[in-house]
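Please view the sequence and the structure alongside the text.

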Amino acid sequence: MAEAARAARPGANSPEYSVSELSSAIKRTLEQAYGYVRLRGEISGFRGAAASGHCYFALKDEKAKIEAVIWRGVVPGLRIKPAEGLEVIATGRITSYPGSSKYQIVIDALEPAGVGALMALLEERKKRLGGEGLFDPERKRKLPFLPRVVGIVTSPTGAVIRDMLHGFEERFPVRVLLWPVRVQGETCAAEVAAGIRGFNALAPDGPIPRPDVLIVARGGGSLEDLWGVNEEEVVRAAAQSRIPLISAVGHETDWTLIDLAADARAPTPTKAAEWAVPKHADLVEQLGKLGLRLFTAVARALEGMRVHLRAAVRGLPRRQALLDLPRQRFDAVERRLGRALTANTRAHAMRLARLSGKLSPRLVEMRVARKRARLDTLAQDAVAALHRRLAPPRRRLERAAGGLRPQGLAIRLARARERLQGVTGRLRVAAESRLVARRRHLDASAKLLMSLSYHGVLARGFALLRDADGNSVRSVETALPGTRLDVEVHDGRFSAEVLEVRSGRPPPSVPRKPARPPAKAPAEPRPGPPRDKAQSSGSGGQGSLF
């Protein structure tokens, strides 16, 4: 009865599974039944990447929730990064995690679910970057008035660059450097940021000039199309740029985060070109106005100075009145000058007479005699000191002269001459033997050179073929019909032209019938390399050595 009851229970005859086997079977069933799916939901429970770099969170809607995971290698390539409360569309594989008996989605791609999600993400990013001070007005720099070089970061194939270049042509001449990038797609943000940093990395005096102003330009589009310039990487690159930057992304109604980080925002790319470079006609007109103002100001200043000078002239006394008093003083001094000169001459004559009485030649002679006597005494002292100073060296010289003997020097000189003659003889013998050895080595090298040179081969009846470039012709593949060849034989060179090229070994030629019976049958010609015009025209029909 018990066995009948167990047999009556549902599934009593089913095979037994272990927990691992059942979990693996469920995992295979989920993966085979669904594979890749696109799942829309709101991110919940995201607290940032784990220590391993993987991201764990859940996707939920009003009625259900499913666990999600993004592996570490997939995170850098995501179009948008996961954030708490963001509504997204996830693409991935449905699988299960046997360790906790729950199913999950392994996400490979993540995109916002509609414009609302993008706007929410954009507002959150704007608030966060603004809190770091990247959008502060104090960071904005003034654009240069007349830049010499303008750097543009945009697509080289779009209509934007053509419109901007046309705008530059109508305005002041300027040099334009283009950094080609994609303005839409997954790599847009990285390329635009690399373009901004690349222009900033140029040296001011390098071979490629550093731009004075940068323009990031793109045509209009939807929020999804413009999302590349809203990435944090692009915004930080624009804020860190040391070159003044103009943002010209989209139309006037479009706004992006790079507009807030740039030094100026242009409503259109064409307007950015107008802002970057002034119009030549406007400069000429402004220069004319400034010149006119300068001329007017100078004329007004000169007229004021002229009026002031005339007023000052009227306040000055007459020239005659200025000269009357000095002339009167000059006449009075002139009358006193004659009397003063006479009195001065008389006073100097009286003083000279008083001094001449005191002068006597005897005093001068006495002073000269005393100086001469002192000079004689000093001369005698100098002679005595010189004799005392020279006495010791003279005694040493006399002692040294007494010890010198000419016979010893003659003997040493004779011995040195004998040694020199012996060394000279040995040097001559060694030089002759070394010269003979060198001559033998040179003769052997010359013989080896003649045996290895191709001129010896040419002397045996061969020829060397070269093309017009001087390269050796080694195969019929390089000798095309009509090719001019340079043929070198042992006694000179001549030119030839290839008429026909035959590849491979030709069959034996059929001997022609002789006009009269020969004494014996002609020998069959041996097969050889194909002949060209050079071979047929050359003497002896020699072939190429190479």
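Residues are called buried when their relative accessible area is under 20%, exposed when it is over 50%, and partly exposed in between, using a 1.4 Å probe and protein chains only. The model is predicted, so local features need pLDDT of at least 70 and side-chain atom pairs count only at pLDDT 80 or more, while totals for chains, interfaces and linings use all residues. Residues are numbered from 1 along each chain as its sequence is written, and side-chain values use heavy atoms, with hydrogens and water left out.

**Salt bridges overall**
- The structure contains 16 salt bridges, each defined as a side-chain nitrogen of Lys or Arg within 4 Å of a carboxyl oxygen of Asp or Glu.

**The Glu303–Arg306 pair**
- Glu303 and Arg306 form a salt bridge through their side chains, with an N to O distance of 2.7 Å.
- The two residues lie three apart in helix α9 (residues 280–315), which puts about one helical turn between Glu303 and Arg306; helices are DSSP runs of H or I with at least four residues, numbered from the N terminus.
- Glu303 is partly exposed at 38% relative accessibility, and Arg306 is partly exposed at 37%.

**Bridges to Arg493**
- Asp486 is in a salt bridge with Arg493, and their closest N and O atoms are 3.7 Å apart.
- Glu488 also bridges to Arg493 through its side chain, at 3.6 Å from N to O.
- Arg493 is exposed, with 53% relative accessibility, whereas Glu488 is buried at 7%.
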